[in-house]
Amino acid sequence: MTADKQRQEAQPAFVLHTYPYRETSLIVEAFTRNFGRVPLIAKGAKRPKSALRGLLLAFQPLQLSWGGKSELRTLYKAEWQGGQMPPHGTGLICGFYLNELLVRLLHRNDPHEQLFVYYREALAALSVQKDYIPILRCFEQRLLQELGYAVMLKHEVASGKPIDPNKYYSYEIERGPVELNGSSQAEGLPVRGKTLLDMEQGDYSDILTRQQSKHLMRYILNHYLGEQPLHTRQLLKDLQQL
């Protein structure tokens with residue numbers, strides 16, 4: 001296949017992360033609508049007169065054009081699309097948390113068009129809503145579902161019975177909630193049925209639901225993230241303590 005056939009023009013994208021490459025260039029981890037997470041080299045992007053300088057920022061809707069045969073493609077052009085306010089304050093840190101999840105969990109060049117829509121919606125919500133908890137929990141669930149690790153919230157896995165809001169369950173990784181009783185040993189994370197049902201409905205008005213849903217999603221995500229902790233998660237924790 002020739003390089004011309006590898007060229008992609010004006011692809012909707014967001015920048016997830018950049019880091020320096022040699023003296024004047026950047027490596028860009030881009031989340032694109034049609035190609036998923038794509039690694040790009042932005043040659044000369046740090047030069048004062050570069051057309052790319054100032055454009056390769058997180059949370060800005062862009063159209064990117066690139067080409068090349070290797071895994072690391074060459075970025076030729078970036079155009080700002082506007083129309084979306086970036087998050088600020090705590091919402092900004094939450095946005096970086098979403099970016100870190102995508103960098104860590106998405107395989108490169110694996111398209112997730114619906115996840116791209118969910119991500120764009122989450123950024124828009126973070127820019128205007130003060131309560132970020134429902135936004136984060138919703139995106140985490142959608143991310144896991146898109147990756148094939150959907151969180152089971154409506155039925156007990158052993159019996160198939162609907163979740164009872166008045167009972168407690170043990171949530172087991174890659175299985176789901178198992179009803180707790182006096183004779184069973186919990187192998188997963190204990191969580192009440194009401195919390196699971198609230199999460200299914202996107203209702204985080206209950207304080208205990210907010211607490212347990214946070215612990216549950218962290219428990220599940222940590223399984224797929226492995227040993228290396230998320231930097232933004234610690235930053236959010238520090239901000240909450242302040």
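Helices (H or I, at least four residues) and strands (E, at least two) are DSSP runs, numbered from the N terminus. Within this pair, Ile41 stands opposite Thr74 in E5.

E5 also pairs with strand E4 (residues 62-67), here in the antiparallel sense and over six bridges, with Ser65 standing opposite Lys77 in E5. The hairpin of E4 and E5 has five residues between the strands, and in this hairpin Gly68 takes a positive phi near 120°.

## The sheet E7-E6-E8

An open sheet is formed by three strands in the order E7-E6-E8, with antiparallel pairing. Its edge strands, each pairing on one side only, are strand E7 (176-179) and strand E8 (189-192), and from one strand to the next the twist averages 40°. Such angles run from 0 to 180 degrees between N-to-C directions, and the axes are lines fitted to C-alpha atoms, for helices over the stretch in contact.

Four bridges connect strand E6 (residues 168-172) with E7 in the antiparallel sense, and Tyr171 has Pro177 in E7 as its bridge partner.

## Helices against the sheet

Helix H5 (residues 193-201) lies across E6, E7 and E8 and runs at about 75° to E8. Helix H6 (residues 207-225) also packs on the sheet, where it touches E6 and E8, and its direction makes about 150° with that of E8.

## The chain as a whole

The secondary structure of the chain comes to seven helices and eight strands, and the C-alpha trace spans about 70 × 45 × 30 Å along its principal axes. Of the 242 residues, 45% are buried, meaning under 20% relative accessible area with a 1.4 Å probe, protein chains only. Among contacts (heavy atoms within 4.5 Å) with a separation of 6 or more, 56% are between residues 24 or more positions apart.

The chain carries 30 positive and 25 negative side chains, the centres of the two sets lying 8 Å apart; Lys and Arg count as positive and Asp and Glu as negative, while His and the chain ends are not counted, and each charge is placed at NZ of Lys, CZ of Arg, CG of Asp or CD of Glu.

## Basis of the values

Residues are numbered from 1 along each chain as its sequence is written, and side-chain values use heavy atoms, with hydrogens and water left out. Because the model is predicted, local features need pLDDT of at least 70 and side-chain atom pairs count only at pLDDT 80 or more, whereas totals for chains, interfaces and linings use all residues.

Note on methods. Buried < 20%, exposed > 50% of the residue type's maximum accessible area, 1.4 Å probe, protein only. Pairing = 2+ DSSP bridges.
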